Amino acid sequence: MAGWALVGARIAVTGGIASGKSAVAELLARHGAVIIDSDAVAREVVEPGTPALDAIVEHFGPGMLTADGALDRAALARVVFADPEARAVLEGITHPAIRERAEWLRAHAEPGAIVIDVVPLLVEAGLAERFDLVIVVDVNEQTQRRRLMARNGLSQEEAELRIGAQASRHRRLAAADVIVSNEGDRHALEGAVDELWDRLRALRAGTAV
């Protein structure tokens, strides 16, 4: 990346489930980055009355809705995490809507801002080539499983099913331009993100890194 200018470049942060992507995004936002969070955008595009939610109900049935007409995420998760074909159908519905909304947010960012997309399924969706710089938040499989079980109250089997539904750690690291390790505590992660931000600022200025 030496001497490469960041101006106008597309940057993505990705990582496996429970790797700490949101924590990294939060710290980057504190530094001044404009964050386009695909998870948040994904929630927006399936709100009641949206075409994506209508398509989900049409394909998966009315059991995917709560009593007040919102998406029942737990019910949908039980279906798609156990069935790769169902997951592919869901992604075919939501991914175009997510990309359209993300492009709108990027177009309305302040000129000169460092805009960073947080894309959990970047590798799985084959989106790495759309970005000039891919940052992978990395943890080993044991840490990932332990954190996921604690965070979501899952059994080991349920956690392994969700991890297995994503790209392997090897595939994700192969797509990385920059790796941020999140094996340590919060203080260690803050230090790693401080260093990352310094590199991004240097790249924006066209300074060798």
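Tutor: Of the 209 residues in the chain, 40% count as buried. The model is a predicted one. The chain holds nine helices and five strands, and from the N terminus on the elements run β-α-β-α-α-α-α-β-β-α-α-α-β-α.

Now the sheet. The five strands form an open sheet with parallel pairing, in the order S2-S3-S1-S4-S5. At the edges are strand S2 (34–37) and strand S5 (178–181), each of which pairs on one side only. Neighbouring strands are turned by 25° against each other on average, direction ignored. Strand S4 (residues 133–138) pairs with S5 in the parallel sense over four bridges; Ile135 has Val178 in S5 as its bridge partner. Helix H1 (residues 21–31) packs on the sheet and touches strand S1 (11–15), S2, strand S3 (115–118) and S4. The direction of H1 makes about 145° with that of S1.

Is Asn182 buried or exposed? Its relative accessible area is 8%, under the 20% cut-off, so Asn182 counts as buried. Leaving aside neighbours within four places in sequence, Asn182 is in contact with Ser19, Gly20, Val137, Asp138, Val139, Arg147 and Leu189. For the chain, residues 24 or more positions apart account for 72% of the contacts with a separation of 6 or more.

Notes. Residues numbered from 1 in each chain as written. Predicted model: local features only at pLDDT ≥ 70, side-chain atom pairs only at ≥ 80, totals over all residues. Heavy atoms only, no water. Pairing = 2+ DSSP bridges. Helix = DSSP H or I, 4+ residues; strand = E, 2+ residues; numbered from the N terminus. Axes fitted to C-alpha atoms, helices over the stretch in contact; angles between N-to-C directions. Contact = heavy atoms within 4.5 Å. Buried < 20%, exposed > 50% of the residue type's maximum accessible area, 1.4 Å probe, protein only.
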